[in-house]
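User: Hello! I would like to learn how to read the features of a protein model, one at a time. Could you walk me through one?

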Amino acid sequence: MSLRFILRRNFECVLKSNFFVYYYRYFHKVIGRMKYVKLSQTDDLMPTLGLGTWQASSEVIESTVYKALDLGYRHIDTAFNYNNEEAIGNAVKKWIDDGKGTRKDLFITTKLPHVGNRASDVKKFLDLQLKRLQMDYVDLYLIHVPFGFLCDPETLTPVINSNGDYALDMETDHISTWKVMECCQKEGLTRNLGLSNFNEAQIGKIIASSTMKPQVLQVELHAYFQQMDLRKFCSDHDIVVTAYAPLGSPGAKDHFVNKYHYSPDAFPDLLGHPEVNDIAKSHGKTPAQILLRYLVQQNVVVIPKSTSEKRLKENSNIYDFGLTPSEINRLKKLDQGENGRIFNFLFWKGVENHPEYPYKFLTLAADKK
Ligand code: NAP
């Protein structure tokens, strides 16, 4: 073997190893960046994957949250209305007491309910929710919906009129409610503030009158309902968008059909869509992973709900591959605009008569064919 040959081989090895080190570092930097988004006013890092907890009973969610934390989830999404804050608090407390991490490692979101959507109730509900969660603060407190209902003080549920309509609070005033939200943040009860299910005009009004802008907007968002205009508006105002129902909320179907008599045809089968399945096959991934990856790759936070350990794992395994620009374009074409919306809240009878009902498009899902 000539000296020249040996030198050349060594040189190639150095080149190759540097090449791999370079790509390894680059890959991790990019992936690391994709796992979090930075919130505009606090610089807090919000994990782009969270665990959704709607329709998860207290008994089930306690072990689910513990399992999810063990699997690496660091972001949990709940709400007063999901009736599971206490169980989530138990799971988090146990996980921390077991020495597996600290409160600072976690990002916990909860929401001010429709029955508490007024300045005089914000602090009362947040205090109660913190007590249930057994926490001194949450990372993000959202106003759950822009409209408000009158509250039965005994049950903390909406008052229902004799005709079955929900009793609307016609005095809902976002500006005064937001001012108290800001005070709660100053007091350290929540690190960040945001909105859910608000439209562009409603968000704009709050931005114009606030000292602390909303940092996050949580809305329905999935391949059939991509909300491009609202996302552009949020991006222009440094508002992070969180997608709820990122898989098309397959679990909502039974709930809405049984409880509110919606037509089963009103619900999309995104996971069964041929285009999604075709892309999934080419990556050796599942349709759920493609739908989640599609959003995360566009800097949208996703909060898929699952109580199955297998699916928890599956849904978190979305950072080791990427969709190509042509795949992104194929998925973009699935957007159905307003026809793709599942959650219009018309199941709360009479809600469309509230002055802050956020949607103009009023096709009842029950009428959708
Ligand atoms: P989703 O996350 O799109 O879908 C959850 C459903 O999909 C569950 O039935 C789950 O069943 C199933 N699932 C999960 N992973 C799966 C997988 N890999 N393959 C097949 N099926 C899978 O819908 P969502 O729960 O309606 O929305 C997510 C979260 O957003 C909620 O849980 C809640 O935290 C939040 N949310 C917020 C609002 C709001 O007004 N702000 C409204 C709705 C939802 P299993 O549990 O059996 O796996």
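Analyst: Gladly. Let us start with strand pairing: two strands pair if DSSP finds at least two bridges between them. Keep in mind that this is a predicted model. Here strand β4 (residues 75-77) and strand β5 (residues 107-112) pair in the parallel sense over 3 bridges. Within that pairing, Ile76 has Ile108 of β5 opposite it.

User: In what order do the strands form the open sheet?

Analyst: The order is β3-β4-β5-β6-β9-β10-β11-β12, 8 strands with parallel pairing. At the edges stand β3 (51-52) and β12 (301-302), and each has a single partner strand, so one side of each is left without a neighbour in the sheet. For context, the chain has 12 helices and 12 strands.

User: How many residues of strand β11 are buried?

Analyst: The idea is to look at relative accessible area, where buried means under 20%. In β11 (residues 240-244), 5 of 5 residues are buried, and the strand is mostly covered. Val240, Thr242 and Tyr244 point one way, while Val241 and Ala243 point the other way, and all are buried. β11 also pairs with strand β10 (residues 216-220) in the parallel sense over 5 bridges, with Val240 as the bridge partner of Val216.

User: And what percentage of the chain's residues count as buried?

Analyst: Of its 369 residues, 51% count as buried. Contacts give another view of the fold: among those between residues at least 6 apart in sequence, 72% join residues at least 24 apart.

User: Now for charges. How many salt bridges does the structure hold?

Analyst: A salt bridge is a side-chain nitrogen of Lys or Arg within 4 Å of a carboxyl oxygen of Asp or Glu. The structure holds 17 of them. One joins the side chains of Asp70 and Lys100 at 3.1 Å, N to O. Asp70 is in helix α2 (residues 58-71) and Lys100 in the loop between α3 and β5, so the pair ties together parts that are 30 residues apart in sequence. Asp70 is partly exposed, with a relative accessible area of 43%, and Lys100 is partly exposed too, at 40%.

User: What separates Asp121 and Lys124 in helix α4?

Analyst: About one helical turn, as they are 3 residues apart in α4 (residues 119-133). Asp121 is buried, at 10% relative accessible area, whereas Lys124 is partly exposed at 45%.

User: Which residue meets Lys123 in a salt bridge?

Analyst: That is Glu187, at 3.9 Å, N to O. Lys123 lies in helix α4 and Glu187 in the loop between α5 (174-186) and β9 (190-196), so the pair ties together parts that are 64 residues apart in sequence. Lys123 counts as partly exposed at 29% relative accessibility. Salt bridges can also share partners, and in this way Arg118, Asp121, Lys124 and Asp169 are joined into one network.

User: Which side chain of opposite charge is nearest to Glu85?

Analyst: It is Arg132, 4.2 Å away. A salt bridge needs the nitrogen within 4 Å of the oxygen, and Glu85 is buried yet has none. Glu85 belongs to helix α3 (residues 85-97). Leaving aside residues up to four places away in sequence, Glu85 touches Thr78, Ala79, Phe80, Thr110, Gln129, Arg132 and Leu133.

User: Which residues come nearest to the ligand?

Analyst: Of the 29 residues around the ligand, Asp77, Leu247, Ser249, Ser306 and Arg311 come nearest. A side-chain N or O atom of Arg311 is 2.8 Å from an oxygen atom of the ligand. For Asn197, a polar side-chain atom lies 2.9 Å from a ligand oxygen atom, and for His144 a side-chain N or O atom is 3.2 Å from an oxygen atom of the ligand.

User: One last stop: where does Gly272 lie?

Analyst: Gly272 is in the loop between α8 (250-260) and α9 (274-283). Gly272 is partly exposed, with a relative accessible area of 41%.

Definitions and conventions
Residues are numbered from 1 along each chain as its sequence is written. This is a predicted model: local features need pLDDT of at least 70, side-chain atom pairs count only at pLDDT 80 or more; totals for chains, interfaces and linings use all residues. Side-chain values use heavy atoms; hydrogens and water are left out. Helices (H or I, at least four residues) and strands (E, at least two) are DSSP runs, numbered from the N terminus. Buried means under 20% relative accessible area, exposed over 50%, partly exposed in between (1.4 Å probe, protein chains only). Lys and Arg count as positive and Asp and Glu as negative; His and the chain ends are not counted. Contact means heavy atoms within 4.5 Å. A residue is near a molecule or strand if one of its heavy atoms lies within 4 Å of it. A polar contact is a pair of N or O atoms within 3.5 Å; within protein, one must be able to donate a hydrogen and the other to accept it, and residues adjacent in sequence count only if both atoms are side-chain atoms.
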